[in-house]
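User: I would like a close look at one part of this model. Please keep it brisk.

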Amino acid sequence: MFAPLRGYLGTADAASVAVRGMLLDGTPWPVAVTLEVPADAVPPACGQLVLQDPEGTPLAVLTIGERQAVPGSGNPDDPAAGPARVQLAGPVTPLREPEHGPFRQLRRRPEEVRAELSGGNVLAYATWRPLNRRHIGQLRHYADQLNARLLLLPLVAGQADVVTRPEALVRTVLAARQQLPAGTMVIPVPLPRRADGPSADLRAQGIVAAAYGATHVLADVSGLPEASGPLSGAKNGPLTLPGVPIPVISAGEWAYDPRSEVWRPLALIEPGAERGELTDAELGALLDSGGDIPPWFAPPGVARELRRARPPRAERGLVIFFTGLSGSGKSTIARGLAEVLIDRGDRTVSLLDGDRVRQLLSAGLTFSRADRDLNIARIGFVAAEVARHGGIAICAPIAPYAQARAVARKLVAEVGDFLLIYVSTPIEVCAARDRKGLYAKAQAGLIQGFTGVSDPYEEPRDADLVLDTSAMTRDEAVSAVLKLLVSGGWLAGSPTEADGTPAAGTPVPAIRLGPAVRRL
């Protein structure tokens with residue numbers, strides 16, 4: 001895919017690419033292809049690294065010719081820096097073909113596709129977004145101009161836009177293919193987003209498209225480099241990017257013409273009559289609420305796949321993740337919430353309470369930082385599986401570390417929604433409630449690593465709801481969570497009484513909405 005490279009670039013080659021757009025040997029090359037790994041995963045004396053798939057099957061061997069610390073990582077004074085990482089460079093020797101999983105029949109080798117497409121123009125389009133009628137119109141238009149076959153490259157490394165899961169993106173692209181010329185080919189490509197932004201993404205996509213046999217690559221206007229950048233060609237014509245072996249075609253500014261009921265270049269539409277496409281946020285909100293996707297925006301087949309990939313919130317899997325000190329009341333609220341949801345009967349509910357999880361799922365783990373993180377990762381994994389199948393998982397661990405909570409959120413975000421609820425009850429109140437005397441023992445030094453006393457609790461900055469049970473009852477706290485679920489669309493109903501007044505017992509001073517909450 002990245003021929004003629006034979007491995008990961010070292011710092012000198014990467015610097016040359018960044019400054020000159022070419023490798024040290026003078027080969028034009030637009031992006032640095034590098035490998036970063038946790039520093040503790042590769043001992044300093046290690047000379048080779050086996051590259052595996054997620055199931056542990058060896059795919060290739062990297063012969064380490066260079067090892068450099070990643071600047072800024074592993075800084076103990078900066079929690080956001082994360083663990084120490086190193087950049088490895090050297091040649092890569094393949095061992096076996098990868099097993100691709102979903103849509104395996106579409107995952108073909110570049111040389112095989114290139115041979116099939118040889119002999120004429122091929123227009124490629126790489127995307128993390130589902131295709132809509134604007135994309136379809138542009139692809140048909142430029143393919144006709146170039147007398148070219150179409151090559152669609154859904155990018156399946158990392159999260160897709162709007163639909164999140166890569167396999168859902170592939171399904172939407174396949175649905176859009178039904179509206180495109182016969183012979184249009186779809187090849188999923190595991191190309192991740194690049195940290196340098198859309199311009200670097202476009203250069204990488206150009207390399208990959210050429211490897212699969214494309215003679216041109218189509219790019220949205222938003223992905224093009226600034227006009228002052230190192231490129232040549234008119235903005236609405238072919239562009240030549242340094243190191244990219246094929247020309248880039250700018251898709252130009254298009255809009256929907258409601259009078260003709262077609263998508264066309266903006267310049268051909270009477271000023272003021274045009275209709276722009278839905279933004280990703282607008283489309284997401286429409287899908288979340290269960291609204292109809294307008295036919296001018298997406299054909300029926302694509303709309304159907306969008307709804308399958310992102311069902312309304314009332315039907316989507318959800319994880320409600322309580323966090324707080326021992327004795328804060330999170331388990332009590334979690335049990336009360338589970339009882340209410342079970343009474344309602346409109347969603348399946350699983351309760352993953354901290355103590356119960358410790359006895360079963362995480363039996364044998366200690367309270368070290370590493371084991372605490374593993375405990376939260378296990379809870380996140382199980383909760384994500386509940387959400388994957390449309391259920392509600394309610395979790396109530398202490399979860400003292402922000403990084404571990406972020407891991408749980410990431411696991412869930414791939415398959416459903418995640419709400420973080422911080423039970424912020426003051427430690428003095430928690431200690432006063434402690435029937436087992438754990439706080440007293442920790443303060444006396446009899447228990448080490450006790451959260452809030454001899455081990456830190458990192459207060460969430462991304463909580464969707466904050467509750468203080470020293471100023472509210474259990475029923476009031478449960479009512480506050482239910483109000484969030486209803487107002488956010490995860491539960492049907494109204495958070496008000498029949499006469500329109502706020503539900504009884506709804507507290508005000510002890511609750512605050514976190515920064516992640518978006519009112520609909």
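Which residues line the largest cavity?

Analyst: This is a predicted model. A search of the whole structure finds 1 cavity of 30 Å³ or more. Its volume is about 60 Å³. The lining consists of Arg-129, Pro-130, Leu-131, Asn-132, Asp-280, Leu-283, Phe-297, Ala-298, Val-302 and Leu-306. By class, that lining divides into 7 nonpolar, 1 polar and 2 charged residues. Arg and Asp count as charged. Two helices each supply at least two of the lining residues: helix 6 (280–289) and helix 7 (300–309).

Ring pairs link Phe-297 with Tyr-256, Trp-263 and Trp-296 into a cluster.

Across the model, the count comes to 8 aromatic pairs. Take Phe-2 and Trp-29: their ring centres are 6.4 Å apart and their planes meet at 70°, so this pair is edge-to-face. The two residues are 27 apart and link distant parts of the chain. Phe-2 lies in the segment before strand 1 (7–8), while Trp-29 lies in the loop between helix 1 (11–20) and strand 2 (35–38). Both Phe-2 and Trp-29 are buried.

Rings also carry charges. The charged end of Arg-358 sits over the ring of Phe-367, 4.1 Å from its centre. Arg-405 lies over the face of Tyr-457, at 5.7 Å from the ring centre.

Note on methods. Residues numbered from 1 in each chain as written. Predicted model: local features only at pLDDT ≥ 70, side-chain atom pairs only at ≥ 80, totals over all residues. Heavy atoms only, no water. Phe/Tyr/Trp six-rings, centres within 6.5 Å; stacked < 30°, edge-to-face > 60°. Helix = DSSP H or I, 4+ residues; strand = E, 2+ residues; numbered from the N terminus. Buried < 20%, exposed > 50% of the residue type's maximum accessible area, 1.4 Å probe, protein only. Lys NZ or Arg CZ within 6 Å of the ring centre and 35° of its normal. 1 Å grid on protein atoms, 1.4 Å probe; cavity = no way out; pocket = protein on both sides within 12 Å on 5 of 7 lines; lining within 4 Å. Points joined across faces, edges and corners; volume = space filled by probe spheres on them.
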